[in-house]
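Please read the following note beside the sequence and the model. Its points are numbered and may be taken in order.

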Amino acid sequence: LTGDMVAQSVNSDEKGFLGKEQDMTPLSPTFLDGVYENSGWGDNWFLGIQGGMSAFLGKPVGHGDFFDRTQPLFNAYLGKWFTPYWAGRLSFQGFKLKDMTTEARTFQNVHADIMYNISSHFRNGFDELPKWDFIPYAGCGIIRNTFSGRKPFAISYGFIGRYRLAPHLHISGEIGGTTTWQSFDGI
């Protein structure tokens, strides 16, 4: 807004909503401090590549403990921060998992997640990037077992902790789970 504006009454008798005389006070533009402005579709994108371990925990339990069920995991994702609090991402996970017979089976999991940055509540401002982020997420997608040929609906959830090493580089740790139908492994 430029210049001064004058508030005007819409009633012909100069009375407002409650039947009182309206004040004709000039208005001036106001600067709102602490408001976050996202400059559009081109900012705040992120890409991640992770490695880790997966463990199949299903029924029937089968033989072996937790460590007998772990296998390497690959995770890649692309996402966008819409505000300092909310983000969305599309994620792919895969490699192998061990089913109840402790046989390694190939799987792929594609899911879309909504993420919420809890640490944004504790920042003094949004002018600089935070050192730490604590981000729970939840989403849904499809998980595919190549052995059984099944592709059921799945719900994904978890928590990400990350530390900023440089303006465009974070080191992160993620613990998450995927829940799907019991018949996913074909057993």
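Which residues form one aromatic cluster? They are Phe46, Tyr77 and Trp81.

1. Basis of the note. The model is predicted: local features need pLDDT of at least 70 and side-chain atom pairs count only at pLDDT 80 or more, while totals for chains, interfaces and linings use all residues. Residues are numbered from 1 along each chain as its sequence is written, and side-chain values use heavy atoms, with hydrogens and water left out.

2. Aromatic pairs. Rings of Phe, Tyr and Trp (its six-membered ring) pair if their centres lie within 6.5 Å; planes under 30 degrees apart count as stacked, over 60 as edge-to-face and the rest as tilted. Eight aromatic pairs are found in a search of the whole structure. Phe46 and Trp81 make a tilted pair, with 6.0 Å from centre to centre and 40° between the planes. Because Phe46 lies in strand 3 (residues 45–55) and Trp81 in strand 4 (residues 70–81), this pair ties together parts that are 35 residues apart in sequence. Strands are DSSP runs (E, at least two residues), numbered from the N terminus.

3. Burial of this pair. Buried means under 20% relative accessible area, exposed over 50%, and partly exposed in between (1.4 Å probe, protein chains only). Phe46, at 13% relative accessibility, counts as buried, and Trp81 is buried with a relative accessible area of 11%.

4. A second pair. The ring centres of Trp132 and Tyr163 are 4.9 Å apart and their planes are at 55°, so this pair is tilted. Trp132 is in strand 7 and Tyr163 in strand 8 (residues 153–166), 31 residues apart. Tyr163 counts as partly exposed, at 28% relative accessibility.

5. Two strands pair if DSSP finds at least two bridges between them. Strand 6 runs antiparallel to strand 5 (residues 86–98), with 13 bridges, and antiparallel to strand 7 (residues 132–145), with nine bridges. Gly88 has Ile114 as its bridge partner, and Ala112 has Cys140.

6. Charges over rings. A charge sits over a ring if NZ of Lys or CZ of Arg is within 6 Å of the ring centre and within 35 degrees of the ring normal. Arg105 has its charged end over the ring of Phe147, 3.5 Å from the centre. Arg89 lies over the face of Tyr137, at 4.5 Å from the ring centre.

Notes:
Helix = DSSP H or I, 4+ residues; strand = E, 2+ residues; numbered from the N terminus.
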